[in-house]
Amino acid sequence: MSKNIKLIIILIFILSLSGCNKYDNFLSIHMIDVGQGDCILIKTPQKKNILIDGGDEDAYKIISSYLKWNKVKNLDIIIATHFDKDHIGSLDNVIDNFNVKKVYTPNQKDNSEHYNNLLNSCRNKNIEIYNLQRDDKLNIDKDISIHVLSPSYIQDNNNSNSIVFNFKFKDMDFLFTGDCEEENEKQIISSYNLKDVDFLKVAHHGSSSSSSNEFIKETRPSIAAISCGYKNNYGHPHKSTIDTLKEYNVNIFRTDINGDLVFYSDGSKIFTTKKYKSN
């Protein structure tokens, strides 16, 4: 092999390494396309990893591949927003196969198989499950914190028990909503000042049961991200939700249209490195 060819190979290798690390100093929000479900990875500039929900029981291979591709071996926090199968179905396998420090759930019990699988995986690895409810706060990193806005009490409906939280990074507000319902939204906006949210994870895959006009008018998100399956049986996202978001000039991005979605932030703005189709 000639010296020139060796030099070119070395340069390509160096450039590839620098490309991998180009956005390491930014916060990144990854909406992993798990079909009709939710799974969101947050990577902080201080190299902490947070996983919000874990799709259904068939999503593990997708999630595992995505985490490994992004060089994620350790999960500092898992937040199971509520106990529907399309949100926690694969979390037992994630816990079995990755190093997980803490798991957070609503203060609720469930008799479903997927919930019991989650419990058993935590027990097998001696991971304590912590509960989150309204007004709990977690300090994640420098300039990063979580403020829980709901639930204030546990109800019979899993969706109404969704952990809703504001993820604050410097001057930016990222609102994660699980599958919360319109009644949750009313309680949240009557209790907290959420004007001009920068990023909204649209509740319940864009269902008309949430994302009410009152809620979107109050929060005025700049970006709305919807996780839903391509041509799913529920008709998500519903037209009324899209119409409400459009009424307030929200930029809408969907996994059923774009696949995985990745957003970056330096604490003063949000940007993407790909040109996604907006709704």
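This is a predicted model: local features need pLDDT of at least 70, side-chain atom pairs count only at pLDDT 80 or more; totals for chains, interfaces and linings use all residues.
**The open sheet and its helix**

Strands of a sheet pair through backbone hydrogen bonds, and they may do so in a parallel or an antiparallel manner. In this model eight strands make up an open sheet with mixed pairing, and their order is β6-β5-β4-β3-β2-β1-β14-β15. At the edges stand β6, with residues 129–131, and β15, with residues 270–271, each of which pairs on one side only. Within the sheet, strand β4 (residues 74–79) and strand β5 (residues 99–105) run parallel and are joined by five bridges, and Asn74 stands opposite Asn99 of β5. Helix α2, which covers residues 60–69, lies across β1, β2, β3, β4 and β14, and runs at about 15° to β2.

Is Asp76 buried or exposed? Its relative accessibility is 14%, and because buried means under 20% relative accessible area, Asp76 counts as buried. When its neighbours within four places in sequence are left aside, Asp76 is in contact with Lys47, Lys48, Asn49, Lys101 and Lys102.

Strand β11 (residues 199–201) pairs with β12 in the parallel sense over three bridges, and Lys201 has Ala225 in β12 as its bridge partner. Together with helix α7 (residues 213–219), β11 and β12 make a right-handed β-α-β unit. β12 also pairs with strand β13 (residues 251–254), in the parallel sense and over four bridges, and here Ala224 stands opposite Ile252 of β13. From β12 the chain crosses through helix α8 (residues 239–247) to β13, and this β-α-β crossover is right-handed.

**The aromatic rings**

A pair of aromatic rings is described by the distance between the centres and the angle between the planes. The whole structure contains 16 aromatic pairs, and two of them are set out in the table.

| Pair | Centre to centre | Angle between planes | Kind |
|---|---|---|---|
| Phe165 and Phe176 | 5.2 Å | 25° | stacked |
| Phe199 and Phe263 | 5.3 Å | 70° | edge-to-face |

Why does the pair of Phe165 and Phe176 count as stacked? Planes under 30 degrees apart count as stacked, and the planes of Phe165 and Phe176 are at 25°, so this pair is stacked. Phe165 lies in strand β9 (residues 164–169) and Phe176 in strand β10 (residues 172–176), so the pair ties together parts of the chain that are 11 residues apart in sequence. Phe165 is buried, with a relative accessible area of 1%, and Phe176 is buried with a relative accessible area of 1% as well.

Phe199 counts as buried at 0% relative accessibility, while Phe263 is buried with a relative accessible area of 1%.

Which residues do the ring pairs link into a cluster? The cluster consists of Phe165, Phe167, Phe174, Phe176, Phe199, Phe253, Phe263 and Tyr276.

Conventions. Residues are numbered from 1 along each chain as its sequence is written. Side-chain values use heavy atoms; hydrogens and water are left out. Two strands pair if DSSP finds at least two bridges between them. Helices (H or I, at least four residues) and strands (E, at least two) are DSSP runs, numbered from the N terminus. Contact means heavy atoms within 4.5 Å. Axes are lines fitted to C-alpha atoms, for helices over the stretch in contact, and angles run from 0 to 180 degrees between N-to-C directions. A crossover is right-handed if, with the strands pointing away from the viewer, the path from the first strand over the helix to the second runs clockwise. Buried means under 20% relative accessible area, exposed over 50%, partly exposed in between (1.4 Å probe, protein chains only). Rings of Phe, Tyr and Trp (its six-membered ring) pair if their centres lie within 6.5 Å; planes under 30 degrees apart count as stacked, over 60 as edge-to-face and the rest as tilted.
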